[in-house]
Amino acid sequence: MAEVFSLSDCDVIGFDLDHTLCRYRLQETSRLIYYSFAQYLVAEKRYSEELLAVTPDNWDFCCKGLVLDLEDGYLLKLGEDGTVLSLTACHGTAFLTSEEIIDTFGKDREWTHFKTLNGTFSRSAKYYFYDNYFDLPASLVCAKIVDVLNQRFQSRTQKKYCFWKDIIAAIEHNYKTSAFKVMAFVLIHFCVLSFQVT
């Protein structure tokens with residue numbers, strides 16, 4: 001017989017930001033979000049199909065609190081004083097060595113835009129702060145886009161990366177009601193396969 005869940009048995013009830021009472025399966029949810037973003041970018045914005053190839057190591061890449069430097073393509077985890085932390089600084093998906101961090105950010109390892117965060121972690125045209133699980137997989141999409149662009153132009157750094165508007169379009173597309181209807185079959189198929197594999 002199935003267990004019965006009763007709200008009266010709970011001492012505390014917490015709601016998510018969208019007032020949902022649920023327990024998310026973050027691994028499956030992240031995969032679903034990532035592939036929906038990547039599929040949109042490949043199909044609608046003509047990005048490389050390389051975005052659809054994700055290795056198990058790539059999933060370890062995503063963690064809350066990352067800052068994406070929209071102009072330079074860096075994904076960073078910052079200390080409370082704005083210093084770039086050594087183990088979480090990347091250009092695309094490539095982790096930077098301590099020497100590369102110092103070469104890029106100076107001996108104090110200070111990220112240029114830290115002072116504009118001003119404790120609010122607000123959005124900006126120069127950076128994006130990943131603070132929730134619903135857009136966090138986009139950090140991996142962005143990192144892989146930087147990798148593809150670097151490979152295409154045979155350069156580690158371009159003058160300026162200009163893909164953010166496409167990421168916003170993917171987010172807007174995937175979180176509107178009609179996208180759920182269009183993607184229902186694909187998502188259900190993906191969920192069934194991922195549950196059978198794991």
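I looked up Cys142 to begin with, and Cys142 counts as buried at 0% relative accessibility. I use buried for under 20% relative accessible area, exposed for over 50% and partly exposed for anything in between, with a 1.4 Å probe and protein chains only. Cys162, in contrast, counts as exposed at 57% relative accessibility. I then searched the whole structure for disulfides and found zero; a disulfide here is a pair of cysteine sulfur atoms within 2.5 Å.

I note that this is a predicted model, in which local features need pLDDT of at least 70 and side-chain atom pairs count only at pLDDT 80 or more, while totals for chains, interfaces and linings use all residues. Residues are numbered from 1 along each chain as its sequence is written, and side-chain values use heavy atoms, with hydrogens and water left out.

**Aromatic rings**

I paired rings of Phe, Tyr and Trp (its six-membered ring) if their centres lie within 6.5 Å, calling planes under 30 degrees apart stacked, over 60 edge-to-face and the rest tilted. By this rule I count nine aromatic pairs. One of them is Tyr74 with Phe105, edge-to-face at 5.3 Å centre to centre and 65° between the planes. This pair links distant parts of the chain, as Tyr74 is in strand S2 (residues 74-76) and Phe105 is in helix H3 (residues 98-105), 31 residues apart. I take helices (H or I, at least four residues) and strands (E, at least two) as DSSP runs numbered from the N terminus. Tyr74 is buried, with a relative accessible area of 9%, and Phe105 is buried as well, at 12%.

I next looked up Tyr161 and Phe163, whose ring centres are 6.4 Å apart with the planes at 70°, so this pair is edge-to-face. Both residues of the pair, Tyr161 and Phe163, are buried. Elsewhere I found Tyr34, Tyr35 and Trp59 linked into a cluster by ring pairs.

I also looked for a charge over a ring, which requires NZ of Lys or CZ of Arg within 6 Å of the ring centre and within 35 degrees of the ring normal. Lys64 lies over the face of Tyr133, 4.6 Å from the ring centre.

**Gly92**

Where is Gly92 in the chain? I placed Gly92 in the loop between strand S3 (90-91) and strand S4 (94-95). Gly92 is buried, with a relative accessible area of 0%. Leaving aside residues up to four places away in sequence, Gly92 touches Phe61, Gly73, Leu75, Ala143, Val146 and Asp147, where contact means heavy atoms within 4.5 Å. Gly92 and Leu140 are 48 residues apart in sequence, and I record 8.4 Å between their C-alpha atoms.
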